[in-house]
Amino acid sequence: MAKTCLITGASSGLGKATASLYASKGWQVYAVARSADKLAELAAKHDNVKPVSLDVTDSVALASWATALPDGQTFDVVILNAGTCEYVDVADLDLAAFERTFAVNVQGVVCCTRYLLPLLNKGQRPTLAIVSSMSHFFPFTRAEAYGASKAAVAYFADSLRVDLADTDINVCLIEPGFIDTPLTRQNDFDMPFLMDVTVAANRILDGISAGKSRLRFPRRLSFILKTLSLLPYGLRNKLASKMRQ
Ligand SMILES: NC(=O)c1ccc[n+]([C@@H]2O[C@H](COP(=O)([O-])OP(=O)(O)OC[C@H]3O[C@@H](n4cnc5c(N)ncnc54)[C@H](OP(=O)(O)O)[C@@H]3O)[C@@H](O)[C@H]2O)c1
């Protein structure tokens, strides 16, 4: 029987590429996002993609969708990828931008975990993957909302892994660098080692299949940012301020 995967944020970018890749490998894919039209386009290309039009921040809708699934429906892989990015201006901190960012990137992940964790195919080494970002490795300008939200979900994933250690569920934390998607096409700054979205989707599929608990790509950017984070605090802060100009 085909394995089953659920991916949030599957209407665009990384989620869409990952959903297409799993579908092309013969998996049954539940593609979750708000844009029903984009999901329908994806489903039209793959017989084995089920479009699920849901807002990941709507816990009531998520709960009722999960409850309405047929008895015995389980997922071998769940990838919580839906996310948003807004840059903020410190001179006039936009509280609504923080609320929107944290609602999707943090609360959305927690909400999905709440209702999808019980549906993982226990006994068959299922994976719950959570998409964070490398942005939280280093303090970047105007990233107070986005970087903080991604630090929060990274912690959430690591903490969840501790509490699920007695189960066979693999919690996989995914920390990408810059991937070429509609989200990054809005950026007006240089994005070192920008990665093709299909290459990134392959890293996700291969890493999850190999049972990895953490995925970071591209490796060169991860190495640079992790090295910078080892610098003495004062030096690191000076460097971060220089990058702002
Ligand atoms: N691109 C990068 O360089 C990069 C780097 C590091 C991490 N990431 C992370 O990777 C993930 C995917 O990003 P992307 O670059 O592929 O962005 P994207 O092209 O903008 O896609 C974002 C996806 O999230 C969905 N989404 C947003 N809010 C939602 C909500 N409330 N409920 C359900 N779905 C929602 C969107 O679908 P609808 O609008 O149809 O709902 C869309 O499918 C995000 O978590 C992002 O932070 C990306």
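The following legends describe close-up views of a predicted model. Local features are described where pLDDT is at least 70, side-chain atom pairs count only at pLDDT 80 or more, and totals for chains, interfaces and linings use all residues. Residues are numbered from 1 along each chain as its sequence is written.

**View 1. The largest nonpolar core has 56 residues.** A nonpolar core is a set of buried Ala, Val, Leu, Ile, Met, Phe, Trp, Tyr and Cys residues joined through C-beta atoms within 7 Å. A residue is buried if 20 or more other C-beta atoms lie within 10 Å of its own, exposed if 12 or fewer, and partly exposed in between, with C-beta atoms placed from the backbone. Within this core, Val29, Ala31, Ala129 and Ile130 touch the most other members. The element that gives the most to the core is helix 1 (residues 13-24), with six residues. Helices (H or I, at least four residues) and strands (E, at least two) are DSSP runs, numbered from the N terminus. Ala129 is in contact with Val77, Val78, Ile79, Leu80, Cys172, Ile174 and Ile208, leaving aside residues up to four places away in sequence. Two residues are in contact if their C-beta atoms, placed from the backbone, lie within 7 Å.

**View 2. A shell of 31 residues surrounds the ligand.** A residue is near a molecule if its C-beta atom, placed from the backbone, lies within 6 Å of it. The closest residues are Gly9, Gly13, Arg34, Ser35 and Gly83. Helix 1 and helix 4 (95-116) are the elements that give two or more residues to this shell, and helix 1 gives the most, with three. By type, the shell holds 13 nonpolar, 15 polar and three charged residues. In this division, Ala, Val, Leu, Ile, Met, Phe, Trp, Tyr, Cys and Pro count as nonpolar, Asp, Glu, Lys and Arg as charged, and the others, Gly among them, as polar. Ser35 is found in the loop between strand 2 (28-33) and helix 2 (36-45). Ser35 counts as partly exposed because it has 14 C-beta neighbours inside 10 Å.

**View 3. Helix 4 contains a kink of about 40°, centred on Ala103.** The bend at a residue is the angle between axes fitted to the seven residues ending there and the seven starting there. Helix 4 has 22 residues and reaches 30 Å from its first C-alpha to its last, close to the expected 32 Å. The expected span of a helix is 1.5 Å times one less than its number of residues. The buried residues of helix 4 are Thr101, Val104, Asn105, Val106, Gly108, Val109, Cys111 and Cys112. These buried residues pack against strand 1 (4-8), helix 3 (59-67), strand 4 (77-80), strand 5 (127-131) and helix 5 (144-163).

**View 4. Helix 8 (residues 233-244) lies largely in the open, because the number of its 12 residues that are buried is zero.** From its first C-alpha to its last, helix 8 reaches 17 Å, close to the 16 Å expected at 1.5 Å a residue.

**View 5. A cis peptide bond joins Phe217 and Pro218.** The omega angle of this bond is about -10°. Pro218 lies in the loop between strand 7 (214-217) and helix 7. Most residues other than glycine have a negative phi, and most peptide bonds are trans. Thr227 lies in helix 7 (residues 219-229). Thr227 is exposed, because 10 other C-beta atoms lie within 10 Å.

**View 6. Arg142 and Phe193 each have a positive phi.** Phi is near 65° in Arg142 and near 60° in Phe193. Arg142 is placed in the loop between strand 5 and helix 5, whereas Phe193 is found in the loop between strand 6 (170-176) and helix 6 (197-209). Arg142 has 14 C-beta neighbours inside 10 Å and therefore counts as partly exposed. Phe193 has 13 such neighbours inside 10 Å, so Phe193 counts as partly exposed.

**View 7. Phe75 is a buried residue in the loop between helix 3 and strand 4.** Phe75 is buried because 22 other C-beta atoms lie within 10 Å. Not counting residues up to four places away in sequence, Phe75 touches Thr4, Cys5, Leu6, Leu116, Leu119, Leu120, Asn121 and Pro126.
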